[in-house]
Each structure stands twice: as C-alpha cells, then as structure tokens.
Amino acid sequence: MSSGEPKNYDLNEPLTSTAAPLTDSTLTIRIIKSFPYRNVRNLILRDYDLKNKTGHDLFNDCMKHIQTDGAFRPFRTVKYDKMKIYTHAHGSKTVNLVINFTHDDDWIIDIADPNGKKLCDYGIENETEISLYNEEDYVEYKANPVEKW
C-alpha cells in the first residue's frame with residue numbers, strides 16, 4: 001500500500017473485553033504486598049468463568065496460587081482480605097501505579113459470601129484487572145500515599 005492510499009481500518013473489530021465469552025475470560029490479579037514500596041506481582045488467570053464464579057471463589061483461587069506457586073513465596077506473609085477492581089478492559093487507568101484510590105464503595109468485590117454475586121455481576125469482563133491486598137495497609141497508605149522506593 002503506498003503512502004497516498006487511505007488506510008482501511010476495520011471499525012467493526014470487537015474489543016477484547018467482549019470477544020471472549022464470560023465462561024472463558026482472562027483476568028489479571030494484582031497481588032499487592034506493599035503499597036509504599038510498590039511490591040506488586042501479577043497473577044494471570046486464563047480460561048476463568050466469570051458467569052459462575054463468585055468473589056469468594058476468585059479469592060480462594062488466588063490464595064491457592066499464592067500458597068503453591070514458588071514465585072509468590074515473598075507474598076505469603078501478607079494477610080490478604082480485600083479485592084477491588086483496578087481497571088476495566090479498555091477503561092482509563094489510575095494515576096497511582098499500585099491501586100485505584102477511587103470507587104472504594106462500588107468496585108469492592110465480596111470475598112466472604114460463597115453464594116454471593118457472580119463476577120460478571122460486578123461488571124467484570126475479559127481482561128479486567130483486580131487488586132488483592134490487605135485492607136488495613138490500604139487505608140494507611142491512602143491516608144498518606146508516600147512511595148518509599
């Protein structure tokens with residue numbers, strides 16, 4: 001194609017967030033060890049069923065990975081007790097590289113109730129990023145978001 005010819009973009013190309021079915025999605029779990037030191041390791045969950053799994057199921061699956069995968073050994077000392085959506089696929093990202101400070105009330109995922117809402121009911125779809133962290137550490141960091149690295 002020469003530089004003078006118009007480019008033919010396919011505007012009907014589906015977004016990756018809607019291309020995969022809810023029963024076969026990819027999630028990125030941002031496991032946060034330390035907010036001020038920005039110790040975060042990503043856990044990629046492939047072929048994850050957002051239609052039938054709850055926040056409780058997701059939390060347990062993440063904890064199983066942390067306890068069994070050697071790459072997460074340094075992250076085993078944290079008492080994880082909260083999950084929150086970091087960003088939706090194709091959505092704007094937060095300025096903070098560790099966690100999203102907004103949406104503390106509506107993007108929190110209930111990890112306690114095994115019969116709670118399904119993940120898709122939270123608006124989670126393919127390629128959503130979710131943070132897993134200790135709530136007390138988050139509250140302390142949010143009050144004084146100073147990075148120490």
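A strand here is a DSSP run of E with at least two residues, numbered from the N terminus. Keep that in mind. The model on the screen is predicted.

Start with E127. Where is E127? In the loop between strand 4, residues 108-109, and strand 5, residues 129-133. Now look at the backbone. Most residues other than glycine have a negative phi. E127 is not a glycine, yet its phi is positive, about 70°. Is E127 buried, partly exposed or exposed? Its relative accessible area is 40%. Buried means under 20%, and exposed means over 50%. So E127 is partly exposed.

Next, D47. D47 is not a glycine either, and its phi is positive too, at about 55°. This one sits in strand 2, residues 39-48. Its relative accessibility is 58%, so D47 counts as exposed.

Now the pocket. Rolling a probe the size of a water molecule over the atoms shows where empty space is left. How much space lies in the largest pocket? About 220 Å³.

Which elements supply at least two residues each to its lining? Strand 1, residues 25-34, and helix 3, residues 135-143. The lining includes I32, K33, S34, F35 and P36. Also among the lining residues are N134, D137, E140 and Y141. N144, V146 and K148 line the largest pocket as well.

What classes make up this lining? Five residues are nonpolar, three are polar and four are charged.

To recap. E127 has a positive phi and lies in a loop. D47 has a positive phi and lies in strand 2. The largest pocket draws at least two lining residues each from strand 1 and helix 3.

Key. Residues numbered from 1 in each chain as written. Predicted model: local features only at pLDDT ≥ 70, side-chain atom pairs only at ≥ 80, totals over all residues. Heavy atoms only, no water. Helix = DSSP H or I, 4+ residues; strand = E, 2+ residues; numbered from the N terminus. Buried < 20%, exposed > 50% of the residue type's maximum accessible area, 1.4 Å probe, protein only. 1 Å grid on protein atoms, 1.4 Å probe; cavity = no way out; pocket = protein on both sides within 12 Å on 5 of 7 lines; lining within 4 Å. Points joined across faces, edges and corners; volume = space filled by probe spheres on them. Nonpolar A, V, L, I, M, F, W, Y, C, P; charged D, E, K, R; others polar.
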